[in-house]
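Here is a short briefing on selected local features. Read it alongside the sequence and the coordinates.

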Amino acid sequence: MDLSRRRFLQGAAAGAATAALPSDGVAAFGPREPKQLPPNAVGMLYDSTLCIGCRACVAACKSANGMPVEQPAHLAGWNEGTWDTAEDLSGKTLNVIRVYRNGTLEQKDRETDGYAFAKRHCLHCVDPSCVSVCPVSAMRKDPDTGIVRHDPDACIGCRYCVYGCPFSVPQYQLDEPFGEIAKCQFCSHLQREGKLPACCDVCPTGASLFGRVDELKQEAARRLALKPGETTRFDRGELGGDRPPHDAPVAHYVDYLYGEHEVGGTQVLYLTGIPHEKLGLPKLPSVSYAAVAEGVQHTLYRGLVAPFVLLGGLLFFARRNAKKTEQNEAERCPK
């Protein structure tokens, strides 16, 4: 019976899947166990309703990380070369404030005829895809703080992290002869000196608030439980820190803490006054892409089942084609 390539590959796939099954016959093609938040993980609570769009965080980030001013060509005439006017993350900008606008812009944090601000930088995922896809471990997650950092000395410039991040955060410096990956590293160098991340340090309203992730989640829950218009205390710089807090009325929040569940959770959390999709925060599953991809890969390559099946198939077709070639040659050139 002649065996077609299609039928062989179908059979090989079925054979590989069968061989990958555990002894009880239950399919093992599923996500691996999700990674857990480190006990001492630190992060940020960004409250969009408190943000006034001053961009002090952008300037402080540039200064703290030695990043150059960025001026898009179409804005150069407007700012006369004196203002940093970065519009999104790039190889020169690790943190940016985006603006949502609708209609008449009459009221802040209103979806219709309103406006709102959103801070954009690395969310430091609990189970980061950038770490999973990096072939040389240039992307690493700190086992204590949970901060996702990039080691330029280990990086080979493959840019898998750029394509693997669900938030499109890592950026490659395409305009440099020896470009590197650029992303927020949560000012790890400042934290080692006992200082706050630069963006949290300078925020005048506490919109960017530093702290332990578990405590930031409790603070977010407290704010969500308050009634709009009710006056409450807002810390600045660090949650429970020594800086003078300020009292302000509570805005109308969307009853959702973004980052608590997205792709396995993130260490940067968002409270917003309008739906997070409007602010450029994508709707994502609760399971990490890294957990799904690694689960499938580990199943396929358990015991090198898939490679051996594929190699066997290639050898089979190579030998069959060689025999056919010999037969055809013999028929054309009989002795």
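Tyr160 is found in helix H5 (residues 160-164). Helices (H or I, at least four residues) and strands (E, at least two) are DSSP runs, numbered from the N terminus. This is a predicted model: local features need pLDDT of at least 70, side-chain atom pairs count only at pLDDT 80 or more, and totals for chains, interfaces and linings use all residues. Residues are numbered from 1 along each chain as its sequence is written, and side-chain values use heavy atoms, leaving out hydrogens and water.

**Surface patch**
- Tyr160 counts as partly exposed because its relative accessibility is 46%; buried means under 20% relative accessible area, exposed over 50%, partly exposed in between (1.4 Å probe, protein chains only).
- Together with Val133 and Tyr163, Tyr160 forms a nonpolar patch on the surface, with about 340 Å² of accessible area in total.
- Patch members have over 30% relative accessible area and no salt bridge; nonpolar side chains (Val, Leu, Ile, Met, Phe, Trp, Tyr) are joined within 5 Å, like charges within 9 Å.
- A salt bridge is a side-chain nitrogen of Lys or Arg within 4 Å of a carboxyl oxygen of Asp or Glu.
- Accessible areas come from the Shrake-Rupley method with a 1.4 Å probe; for residues, only the protein chains shown count as cover.

**Helix H8**
- The 13 residues of H8 (residues 213-225) should span 18 Å at 1.5 Å a residue, and the end C-alpha atoms are 19 Å apart, which agrees.
- The expected span is 1.5 Å times one less than the number of residues.
- Val213, Leu216, Glu219, Ala220 and Arg223 are buried in H8.
- They cover an arc of only 115° around the axis, so they sit on the same side of H8; the arc is that of the directions from the helix axis to the C-beta atoms.
- Exposed Gln218 and Ala225 are on the face of H8 turned away from its buried side.
- Cover for the buried residues includes strands E1 (42-47), E9 (208-212), E10 (231-234) and E12 (268-271).

**Positive phi in loops**
- Leu105, a residue other than glycine, has a positive phi near 60°.
- Leu105 lies in the loop between strands E2 (96-101) and E3 (107-108), and is partly exposed at 37%.
- Ser168, also not glycine, has a positive phi near 55°.
- Ser168 is in the loop between H5 and strand E7 (171-172), and is partly exposed at 40%.

**Asp84**
- Asp84 lies in the loop between helix H3 (76-79) and E2, and is buried at 15%.
- Beyond its neighbours within four places in sequence, Asp84 contacts (heavy atoms within 4.5 Å) Arg55, Lys62, Pro68, Val69 and Glu70.
- Asp84 and Arg55 are 29 residues apart along the chain, with 9.9 Å between their C-alpha atoms.
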